[in-house]
Amino acid sequence: MYGDINGDGNMVYVEYNCDTTNGNLTRSVTLLTTLPLLKNAAQVILPNITQNPGNANCFDYQQKTIGTDTYVTDVSVTLTVQTQNVDPQTRQLQKETKALLNVAPRNVFDAWLLGGGAVTTRIQQMPASVAILSQP
């Protein structure tokens, strides 16, 4: 995602990565006004993640397309974490799964509504720098 995420007037590109192989949820934040534009190193924000039940994805995206533009109007996040300590009663490591559903940025949803009404003069295009950073 990109924008003034921190509300401080700086445009940033933020990338989250769910790596169940290494057991980490990471976040990278890159300032879009600094050249050369290189993606900042990711920092672990949640360790001990494991594969979700049923091999469910960590992130699921609901997308809507209008013409040639595709909008991500909703994101759901599901994470499973394994405890670091053995439960004293069961003598097992415990796993817990939590889900956050219907994460919908209001401005993206509004842009999709405007695009559906053929109002394109109020919608900004994705900056080229974001398109470059989001390439795998």
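Modeller: The protein chain exposes about 9,700 Å², of which carbon and sulfur atoms supply 51%; accessible areas come from the Shrake-Rupley method with a 1.4 Å probe, and for residues only the protein chains shown count as cover. This is a predicted model, in which local features need pLDDT of at least 70 and side-chain atom pairs count only at pLDDT 80 or more, while totals for chains, interfaces and linings use all residues. Residues are numbered from 1 along each chain as its sequence is written, and side-chain values use heavy atoms, with hydrogens and water left out.

Of the 136 residues of the protein chain, 24% count as buried, where buried means under 20% relative accessible area, exposed means over 50%, and partly exposed is the range in between (1.4 Å probe, protein chains only). Among the contacts with a separation of 6 or more, 40% are between residues 24 or more positions apart, a contact being heavy atoms within 4.5 Å. The chain has two helices and eight strands, which follow one another from the N terminus as β-β-β-β-β-β-β-β-α-α; helices (H or I, at least four residues) and strands (E, at least two) are DSSP runs, numbered from the N terminus.

T80 lies in strand β7, and with a relative accessibility of 3% it counts as buried. Leaving aside neighbours within four places in sequence, T80 is in contact with N48, I49, T50, Q51, N52, P53, K95, E96 and T97. The side chain of T80 makes a polar contact of 2.7 Å with the side chain of N52, and another polar contact, also 2.7 Å, joins the side chains of T80 and T97. Here a polar contact is a pair of N or O atoms within 3.5 Å; within protein, one must be able to donate a hydrogen and the other to accept it, and residues adjacent in sequence count only if both atoms are side-chain atoms.

T78 is found in strand β7, which spans residues 69-82, and is buried, with a relative accessible area of 16%. Apart from residues up to four places away in sequence, T78 touches N52, N57, C58, T97, K98 and A99.

E96 is partly exposed at 46% relative accessibility, whereas K98 is exposed, with a relative accessible area of 55%.

Most residues other than glycine have a negative phi. N55 shows a positive phi too, of about 55°, again without being a glycine; N55 is in the loop between β5 and β6 (59-66) and is exposed, with a relative accessible area of 59%.

Four strands form an open sheet in the order β1-β2-β3-β4, with antiparallel pairing; two strands pair if DSSP finds at least two bridges between them. Since β1 (2-3) and β4 (43-47) stand at the edges with a single partner strand each, one side of each is left without a neighbour in the sheet. Strand β3 (residues 24-31) is joined to β4 by four bridges, and the bridge partner of N24 in β4 is P47.

A second salt bridge belongs to this region, between the side chains of E15 and K39 (3.2 Å, N to O). It links distant parts of the chain, with E15 in strand β2 (residues 12-19) and K39 in the loop between β3 and β4, 24 residues apart. E15 is partly exposed at 27% relative accessibility, as is K39 at 36%.

How values were computed:
A salt bridge is a side-chain nitrogen of Lys or Arg within 4 Å of a carboxyl oxygen of Asp or Glu.
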